[in-house]
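Let's walk through this structure together, starting with how its chains meet and then turning to a single chain and a single residue.

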Amino acid sequence: MRRWWPWALLAPGLLWLVGLYLLPLLGLVPLSLSEPVSRFGLETVFRGRLVTYLEVLQTYGPILLRSFTFALVATALGLLLAYPLACAIRFRGGRWQPLLIGLVVLPSLTSYLVRAIAWTSLLGDEGPLIGLVGALRLAPALNALGVLHDGRLLNTPTAVVLGLTTNLLPFLVLPLVVALQRIEPTLLEAAADLHAPPLRIFLLVVWPLSRPGLASGLLLSLIPAAGDVVNPLFLGGPNDRMIANTIENLLLVQLQAPRAAALTLVLMALVSLLAWLQLRAGGVERLTLP
Amino acid sequence: MTRTAGPGAGGGRRRFLRRLGLAAAGALVAPPLLQACVGQGGGSGGGTALTISTFPLYIDPDEPGAPGSVARFRKETGIQLRYLEDISDARQFFARLQPQLAAGRPVAQDLMVLPSWLAVRLIALGWLEPLPLAQVPNARNLIPSLRNPVWDSQGRWSLPWQSGIAGIVYNVRATGRELDSVDDLFDPALKGRVSALLEMRDTMGLLMLADGKDIRTPSWEAAQPSFERLERARRDGQIRRFTGNDYQNDLLAGNLAACIGWSGDVAQLALEQPDLRFLVPQSGGVLWADLMLMPKGARHREEAARWLNWVYQPQEAARIAAAVQYISPVNGVQEILAQDSATAKLARSPLMFPDAAMRQRLHSFGPLSEAEEARWEERFARITEG
């Protein structure tokens with residue numbers, strides 16, 4: 001009795017993952033080692049062509065690097081925004097807490113595609129943001145800082161990172177709010193009674209106890225950001241493409257399915273490695289328990 | 001022909017929003033979804049009797065009190081026409097249909113409008129049906145220069161939908177001066193405010209012509225300087241984007257000062273933005289043709305023939321030409337437009353009816369072998385995709 005029931009509970013989820021995720025992914029392995037018979041046909045022959053991996057790493061390595069850099073910067077930026085926001089919601093939200101959480105989630109209810117397109121008018125050369133920068137005469141400084149590129153925002157790396165940050169913000173805020181909510185207010189009072197200044201309370205009490213939320217937030221935001229396709233397409237320029245754009249182009253435009261498969265597997269491997277490192281650093285139990 | 005059929009006055013904002021939506025949908029979401037919905041199950045289900053896939057904004061639209069060609073065709077023939085504006089990038093459209101056509105299974109489309117270079121590929125692959133030309137008497141209205149063209153020398157597989165010119169589009173207020181050559185696109189003063197087309201033959205054709213190269217028989221070696229020039233401009237940030245139809249949004253939004261674009265688009269856009277100009281450089285413009293093709297196994301040959309015959313009536317072709325302002329393939333359109341004071345100006349446009357001087361400057365991009373094309377496309381993608 002005891003032996004089988006955990007498996008019964010796991011079965012639906014496992015079947016789902018194996019059937020719709022793992023098997024298709026494994027199917028990419030032989031494809032990535034094959035060669036197409038003709039340019040426009042569907043047939044491929046298995047040739048054990050490992051060199052495809054070398055080729056895609058050599059050709060698209062810089063784009064892989066760029067993707068993870070963008071994702072990292074966007075996540076860091078997201079954290080800077082999310083942490084104070086989560087603290088404010090948790091400790092100062094009061095009865096408005098549900099509403100505030102709702103407001104954090106609200107933008108995600110719009111399709112991310114529509115959001116990216118809306119951003120193109122916000123960030124455009126004649127859009128309100130550039131208008132504001134011009135009115136405040138900030139353009140030279142922002143150009144020097146590399147935030148603006150020749151006075152432009154749209155179709156620059158900055159715009160891509162801003163778009164990514166917007167997308168991942170709720171995934172950082174929500175786990176953080178949950179983690180912070182587990183902190184007993186009495187702990188903070190106790191620390192204050194012992195004459196700890198606010199900064200020490202934060203560093204010694206709030207920060208360590210919120211780290212599980214942080215770990216799951218990072219897991220939920222960094223990895224999807226690295227595989228984003230929409231933001232670089234609409235907000236970036238040709239020098240800001242990310243790896244998912246390359247895979248799409250290889251598959252749908254250049255009709256090079258084996259190379260697309262190889263690059264997908266490389267991306268999956270890197271992402272899995274990242275997740276494993278994060279989990280190892282944080283420990284699985286730390287995702288949920290303070 | 002009593003109304004101008006121009007999509008202009010009053011509709012500007014709506015059309016702009018619609019374009020934005022189409023650009024998004026065309027790029028990512030709609031085609032797979034549409035394909036999933038109509039890809040199987042046969043055409044007769046749901047009352048659909050004729051399915052056409054084409055590029056957006058490529059026919060006269062419905063206007064208040066004046067139904068467009070699609071609506072009038074439906075009404076006059078009683079044929080349930082499903083008119084899908086779901087092609088934004090011909091290469092991606094090919095990739096969508098490839099699994100079914102390569103496996104010998106029919107697709108949902110009975111007709112599709114695609115560039116001539118893709119028609120050459122589809123003919124060679126045997127993925128097309130010959131058009132039911134016996135049932136299209138109006139095909140005799142085809143202008144002589146488009147009979148037995150290089151892409152379809154027997155004239156069995158295709159009828160042209162429209163032709164057009166790839167050239168330079170610019171906003172004279174943004175550039176601050178008139179442009180007169182391809183070199184102007186590489187002017188440092190326009191850095192980051194220039195775009196080029198993802199349609200390789202148009203962008204490369206224009207650059208190679210500026211280099212004094214022959215594009216009727218394009219060679220890999222002759223293309224290298226143009227590839228390098230394009231790559232450098234992309235790397236330096238001179239070129240802001242590579243686009244399909246969506247360069248129009250950027251022009252109207254003020255993000256672009258100049259770009260490589262298509263003649264008819266500009267004629268339409270100039271109604272909203274009078275500072276726009278279209279330039280066919282002295283070095284030459286690229287003449288292209290989009291063709292109506294029937295995929296293998298199409299189920300509605302007769303209905304398709306009715307459509308082909310309908311759009312090849314000079315009166316109907318004139319309506320479409322007045323709206324899209326490309327080069328109509330139908331004889332007599334110029335005379336019809338000239339008779340109406342509202343469209344008489346169009347009848348004199350050398351972009352719609354190229355005169356001898358203009359014809360001298362127009363060149364078609366010649367065929368590439370399969371192996372050559374793969375090499376060209378890979379090189380081009382390395383430039384456009386970073």
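Two residues are taken to be in contact when their C-beta atoms, placed from the backbone, lie within 7 Å. With that in mind, look at where the two chains of this predicted model come together. Chain A brings 28 residues to the contact, and chain B brings 33 residues. On the side of chain A that touches chain B, the elements giving two or more residues are helix H4 (112-123) and helix H11 (243-252) of chain A. H11(A) gives the most to that side, with four residues. Sorted by class, the side of chain A that touches chain B holds eleven nonpolar, eleven polar and six charged residues.

Now step back to chain A as a whole. Its secondary structure consists of twelve helices and two strands. Reading from the N terminus, the order is α-β-β-α-α-α-α-α-α-α-α-α-α-α. The C-alpha atoms of chain A fill a box of roughly 75 × 70 × 30 Å along the principal axes. Chain A has 290 residues, of which 33% count as buried. Among its contacts between residues at least 6 apart in sequence, 72% join residues at least 24 apart.

Finally, hop over to chain B and find B:Ala342. You will see this residue in the loop between helix H12 (333-339) and helix H13 (344-347) of chain B. B:Ala322 is 20 residues away from B:Ala342 in sequence, and their C-alpha atoms are 9.9 Å apart in space.

How values were computed: Residues numbered from 1 in each chain as written. Chains lettered and ligands numbered in written order. Predicted model: local features only at pLDDT ≥ 70, side-chain atom pairs only at ≥ 80, totals over all residues. Buried ≥ 20, exposed ≤ 12 C-beta atoms within 10 Å, placed from the backbone. Nonpolar A, V, L, I, M, F, W, Y, C, P; charged D, E, K, R; others polar.
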